[in-house]
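User: I have a new model open and want to learn how to read it. Can you take me through it feature by feature?

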Amino acid sequence: MGVKRAGLGPGQTAALVFLRFVIGWHFLYEGLAKLFNPQWTSALYLAEAKGLLRPWFESILADPKMLKVVDLINIWSQMAIGCGLILGFLAPVAAVGGILLLAIYYVANPPLPGFTSSLPAEGSYLIIDKNLVELFALVVLLVFPTSRTFGLDRLIFWKKIKKGDG
Amino acid sequence: MDEKKGREESKRAFGRRDVLKSLASLPVAGAFFLSYVEKKRKEERRRKEILDELGLEQAEAAELPLGPRKKPAELIRLGIIGVGGRGEHLLRCLGFVHPDWVESKRIQAEENRLNQDLRTFLEQEDLNVALTAVCDIYDPRAERGLVASQNALRDGEVKSVSGARRYSHYEELLESPDVDAVIIATPDHWHAQMAIDAVAAGKHVYLEKCMTRTAEEAVKLYEAVKASRIIFQLGHQQRQQESHQKARFIVAKDILGKITLVQTTTNRNSPDGAWQYEIPAEAGPHNIDWEQFLGPAPHRVPFDVYRFFRWRCWFDYGTGLAGDLLSHEFDAVNQILELGIPRFATASGGIYFFKDGRDVPDVFHATLEYPDRELTLFYSATLSSNRSRGRLFMGHDASMEVGETLVVTADPESTRYREKYLSEVIDTSLPLFTFRPGGRGIDTVTSASERYFASRGLLYSYKDGKRVDISHLHLKEWLECIREGRQPSCNIERGFEEAIACHMATESYLRGRRVEWDPVRRQIV
């Protein structure tokens with residue numbers, strides 16, 4: 001459902017588009033910063049995981065080849081999601097990808113009562129943390145897509161838009 | 001009217017407005033790109049400033065290569081004297097393993113996926129050695145040694161090989177023509193005699209620390225090895241740590257400025273850490289050669305199973321914290337700073353926690369003074385607190401913490417870094433740089449997370465995707481030196497320095513006063 005059909009005004013559309021830019025920028029920089037940091041590895045985050053995901057993360061940590069693959073996936077998917085959101089290129093796919101990643105990061109280290117994380121973090125969290133907030137922001141972007149209005153998807157899906165599906 | 005307009009709208013071609021809408025995010029992408037480039041430029045400039053200041057090149061910080069090497073052509077035949085806990089570990093580092101160990105590690109790995117011990121062992125490099133002789137005066141351990149000699153690591157698997165011969169007396173082992181080199185992992189009071197005899201028999205020697213039990217023995221062993229052509233290595237495997245090589249490099253570049261104090265520590269807090277090893281139920285005078293155990297020990301004592309297994313607790317056989325743990329710390333600092341034997345030593349301590357009949361202190365501190373180097377080496381140890389205090393080199397311009405990782409922090413009062421500190425290139429509350437083996441060199445951009453992770457220490461030491469045991473590397477170096485006829489890193493010179501430094505500390509403790517090393521008479525006075 002596009003912004004046109006939802007009947008959103010220009011102010012509301014602008015807010016959604018900026019939200020898309022801002023989240024995209026965040027993802028892109030996260031990926032890029034890791035790419036150019038030779039010291040970065042997800043190993044230390046994987047080791048801090050708690051609860052449900054711990055067994056899966058442990059099996060990744062135990063296999064150095066698997067670990068390298070996971071590192072690469074992290075970096076490139078973050079960058080791809082970031083680009084997708086900023087440029088409005090297959091933005092819904094990027095949004096779903098972002099939701100998936102953030103869900104994994106959240107479940108790996110949930111700020112639930114009884115769990116103490118030893119990772120450095122700014123802010124105080126109880127059940128809701130910044131990952132979850134960003135996740136739901138992406139859900140909003142998913143249900144109010146703007147990339148076919150402002151973004152490369154407008155070019156890609158022009159035929160569909162012309163037919164009135166846009 | 002609107003409907004018609006709508007239908008007309010949807011039939012129109014991709015126009016100018018649509019192009020603009022498609023490319024709406026380009027300014028954003030542009031802004032991102034510009035700010036990213038700017039940030040990278042600033043970071044790069046800061047890093048270059050710091051590296052220039054320190055006189056380093058990024059490339060120099062790269063780690064030592066550990067690429068796959070060809071299996072060495074020349075076989076070396078080894079004998080081992082003393083197959084206790086340490087002895088068995090050394091055998092594993094050489095590729096000989098008791099099936100029990102393999103089984104227990106396999107079970108551990110099943111219960112805890114993060115346990116890499118078995119995998120690390122199976123990926124160990126083949127050193128092309130044969131284990132032809134085993135000697136231990138406790139029958140069950142000698143048996144374990146024999147079984148280990150029959151199970152060798154070949155091509156990533158444990159295979160059956162023809163095993164070693166057992167010797168009840170080490171002199172017979174040394175006479176064997178099937179032994180080229182010998183590993184001595186017995187209690188300290190036997191170290192000197194066995195090593196001297198091995199040298200006389202023309203065998204190369206890998207000797208566990210502390211080199212000897214007394215200073216007199218150290219002089220005798222030194223003379224014997226110097227007069228011979230054999231290759232001698234003392235078992236200080238921490239020399240193989242990458243962080244230590246990096247630390248030498250940092251000192252060589254004078255990054256810390258004038259170093260006046262080095263603080264080393266030992267902190268343990270368990271019965272095992274205090275050498276209260278388990279006494280096997282089946283041990284007794286029937287399977288322990290007690291007379292041979294006593295050997296050169298100062299006192300003849302009736303059979304005591306505690307003295308046999310927990311020999312580290314008595315001055316008759318060991319030297320407690322000095323010979324056991326100060327020795328490692330001293331050798332590490334000696335490796336990095338090349339200090340040699342101290343001029344003075346002052347020690348104190350006592351038996352404050354483990355009052356189990358031992359006569360060695362469980363809390364012990366020693367101050368080794370180097371007036372010529374204008375530096376003090378301080379060692380502090382307790383066996384009843386696990387608070388980690390680390391190993392710290394304190395220089396006027398910066399201080400360096402060396403463990404498995406390395407962290408260098410500039411001093412706010414530093415003369416050398418003053419300018420950069422005032423111009424805010426350097427923030428003295430953050431490390432100047434950190435080094436974590438497995439990464440790619442020196443990291444000068446320390447975020448809060450990086451600092452945190454560096455302080456946590458190493459999770460894994462991966463080199464080319466493989467985890468490596470430093471004792472294996474130390475033995476490997478010894479074997480390479482034997483084949484190539486060159487001196488290893490912990491040779492008799494370093495061994496002598498280690499022994500004398502430790503014994504000075506022990507003597508000071510026992511005499512209750514400061515002691516001095518007389519280099520002419522080669523005595524502790």
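Analyst: We will go through domains, a sheet, the cores and some backbone details. Keep in mind that this is a predicted model.

User: Start with domains. Which segments make up the two domains of chain B?

Analyst: Domain 1 of chain B covers 76-239 + 477-490. Domain 2 of chain B covers 242-466 + 500-524. Their centres, over C-alpha atoms, are 24 Å apart. Domain 1 of chain B puts 22 residues into the contact, and domain 2 of chain B puts in 30 residues.

User: Which elements give two or more residues to the side of domain 1 of chain B that touches domain 2 of chain B?

Analyst: They are α7 (139-149) and α10 (215-226) of chain B. α10(B) contributes the most, three residues. By class, this side of domain 1 of chain B holds ten nonpolar, six polar and six charged residues.

User: Now sheets. What is the order of the six strands in the open sheet of chain B?

Analyst: The general idea comes first. Strands of a sheet pair through backbone hydrogen bonds, in a parallel or an antiparallel way. Here the order is β5-β2-β1-β6-β7-β8 (chain B), and the pairing is parallel. β5 (165-167) and β8 (232-234) of chain B are the edge strands; each has a single partner strand, so one side of each lacks a neighbour in the sheet. On average, neighbouring strands of this sheet are turned by 20 degrees against each other, direction ignored.

User: How many bridges join β1 and β2 of chain B?

Analyst: Six bridges, in the parallel sense, between β1 (residues 76-81) and β2 (residues 129-135) of chain B.

User: Which strands does helix α9 of chain B lie across?

Analyst: α9 (residues 191-200) of chain B lies across β1, β6 (181-184) and β7 (204-207) of chain B. The helix runs at about 165 degrees to β7(B).

User: Next, cores. Which residues touch the most other members of the largest nonpolar core?

Analyst: In soluble globular proteins, nonpolar side chains tend to be buried together. In this model the largest nonpolar core has 122 residues, and B:Val205 and B:Ala505 touch the most other members. Helix α18 (residues 492-511) of chain B supplies the largest share, nine residues. Domain 1 and domain 2 of chain B each give this core at least three residues. Leaving aside neighbours within four places in sequence, B:Ala505 is in contact with B:Ala322, B:Leu326, B:Ala345, B:Ala347 and B:Ala366. There is also a second, separate core of 23 residues, including A:Leu87, A:Ala91, A:Phe150 and B:Val28.

User: Which residues of helix α11 of chain B are buried?

Analyst: In α11 (residues 242-252) of chain B they are B:Glu242, B:Ser243, B:His244, B:Lys246, B:Ala247 and B:Ile250. Their cover includes α14 (320-337), β14 (398-402), β15 (406-410) and β16 (433-435) of chain B. Just after α11(B), B:Asp254 has a positive phi of about 60 degrees.

User: Last, backbone details. Is B:Trp275 buried or exposed?

Analyst: B:Trp275 counts as buried because 22 other C-beta atoms lie within 10 Å, and the cut-off is 20 or more. B:Trp275 sits in the loop between β9 (259-267) and α12 (290-294) of chain B. Its phi is near 65 degrees, a positive value in a residue other than glycine.

User: And is B:Glu374 buried or exposed?

Analyst: B:Glu374 is exposed, with 9 other C-beta atoms within 10 Å. B:Glu374 lies in the loop between β11 (363-370) and β12 (375-382) of chain B. Phi is positive here too, about 55 degrees.

User: Which residues does the cis peptide bond join?

Analyst: B:Lys209 and B:Cys210, with omega about -5 degrees. B:Cys210 is in the loop between β7 and α10 of chain B.

Technical notes
Residues are numbered from 1 along each chain as its sequence is written. Chains are lettered from A and ligands numbered from 1 in the order in which they are written. This is a predicted model: local features need pLDDT of at least 70, side-chain atom pairs count only at pLDDT 80 or more; totals for chains, interfaces and linings use all residues. Domain bounds come from an automatic or database domain assignment. Two residues are in contact if their C-beta atoms, placed from the backbone, lie within 7 Å. Helices (H or I, at least four residues) and strands (E, at least two) are DSSP runs, numbered from the N terminus. Ala, Val, Leu, Ile, Met, Phe, Trp, Tyr, Cys and Pro count as nonpolar, Asp, Glu, Lys and Arg as charged, and the others, Gly among them, as polar. Two strands pair if DSSP finds at least two bridges between them. Axes are lines fitted to C-alpha atoms, for helices over the stretch in contact, and angles run from 0 to 180 degrees between N-to-C directions. A nonpolar core is a set of buried Ala, Val, Leu, Ile, Met, Phe, Trp, Tyr and Cys residues joined through C-beta atoms within 7 Å. A residue is buried if 20 or more other C-beta atoms lie within 10 Å of its own, exposed if 12 or fewer, and partly exposed in between; C-beta atoms are placed from the backbone.
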